[in-house]
Every structure is written in structure tokens, then in C-alpha cells.
Amino acid sequence: KWICEAISEDVIEKEATEEVCKLLDLHFGPIPDCDKLLGMLWDKIKAECPKQLTLPTPDEIEKWICEAISEDLIEKEATEEVCELLDEHFGTIPDCEKLVDLLWDKVKAECPKDGRFATLVV
């Protein structure tokens, strides 16, 4: 997505084309119509991008979150990271992992059980 956004910018295309042509010239000698050739290549790449870039919908975001928090390994690692950060910034919190697990379970409980995704309320 970000590549498509970047190559859609005329300024980036112009600068990139100039730089690539300079590098090619330095390593292989002058290439006739280098900027035109790269422009055609640039256009081919641009044509592969979706015509309109869209952000994920709230349902898609909810689905990704619910899939991620359902993974035991992710839960374990996230819990450890959260407790380490809290400890680093606020000092030791008794039963931190237990508290984070409870919060994690509360969020997980908001995820649909039947695969349907609606707006998640935390």
C-alpha cells in the first residue's frame, strides 16, 4: 500500500528516475532515453496498484484484533511486554501478569464466537 502511495507522487517519480539514471550511467555508461524508459517502467508498476487505496473497515480491524488476541503465544508475549513496560515506568505492580491476563480475557470475551464481526466495544 505505501509503495503505491509513494509511486503515485510525481516528485518522488522524478527524483527516483533521476537518481536511477545517474547510477546506471555511473556503472554502465549512458543509456539513451533512460528517463523515458524508467518512466514507462514506473507507469507499469503504478498500473498494478489499486485505483483507490482504502483503509481497513472497522470490522476488518476488529477481526484482525480478535484473531491476534486469540493466539496464546501472542497473549503470553504481550503480557510479558506490558508488565515489563509498566515495571520500567511505574515500578513493580503486584500480580501484573494476572491483572493483564484478566484484561486480555475481558477484551477476548468481546470477540464474536460465531465468526461474525461487529463493532468491538472495550
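**Selected residues in a predicted model**

Ile31, Leu37 and Met40 make up a nonpolar surface patch whose accessible area together is about 280 Å². This is a predicted model in which local features need pLDDT of at least 70 and side-chain atom pairs count only at pLDDT 80 or more, while totals for chains, interfaces and linings use all residues. Residues are numbered from 1 along each chain as its sequence is written, and side-chain values use heavy atoms, with hydrogens and water left out.

Q: Is isoleucine 31 buried, partly exposed or exposed?
A: Isoleucine 31 sits in the loop between helix H2 (10-28) and helix H3 (34-47). Buried means under 20% relative accessible area, exposed over 50%, and partly exposed in between (1.4 Å probe, protein chains only). The relative accessibility of isoleucine 31 is 35%, so the residue counts as partly exposed.

Q: Which residues is threonine 17 in contact with, leaving aside its neighbours within four places in sequence?
A: Threonine 17 belongs to helix H2 and is buried, at a relative accessible area of 10%. Contact means heavy atoms within 4.5 Å. With those neighbours left aside, the contacts of threonine 17 are Asp35 and Leu38.

Q: How far does the backbone oxygen of glutamate 13 lie from a polar atom of the side chain of threonine 17?
A: The threonine 17 side chain supplies one atom of the pair, and the backbone of glutamate 13 supplies the oxygen. Their separation is 2.7 Å.

Q: What separates the C-alpha atoms of isoleucine 3 and lysine 46?
A: Isoleucine 3 is in helix H1 (residues 2-7) and is partly exposed, with a relative accessible area of 46%. Lysine 46 is 43 residues away along the chain, and the C-alpha separation is 9.3 Å.

Technical notes. Helix = DSSP H or I, 4+ residues; strand = E, 2+ residues; numbered from the N terminus. Patch = residues over 30% accessible without salt bridge, like charges linked within 9 Å, V, L, I, M, F, W, Y side chains within 5 Å. Areas by Shrake-Rupley, 256 points an atom, 1.4 Å probe, with all protein chains shown as cover. Salt bridge = Lys/Arg side-chain N within 4 Å of Asp/Glu carboxyl O. Polar contact = N/O pair within 3.5 Å; in protein donor to acceptor, adjacent residues only side chain to side chain.
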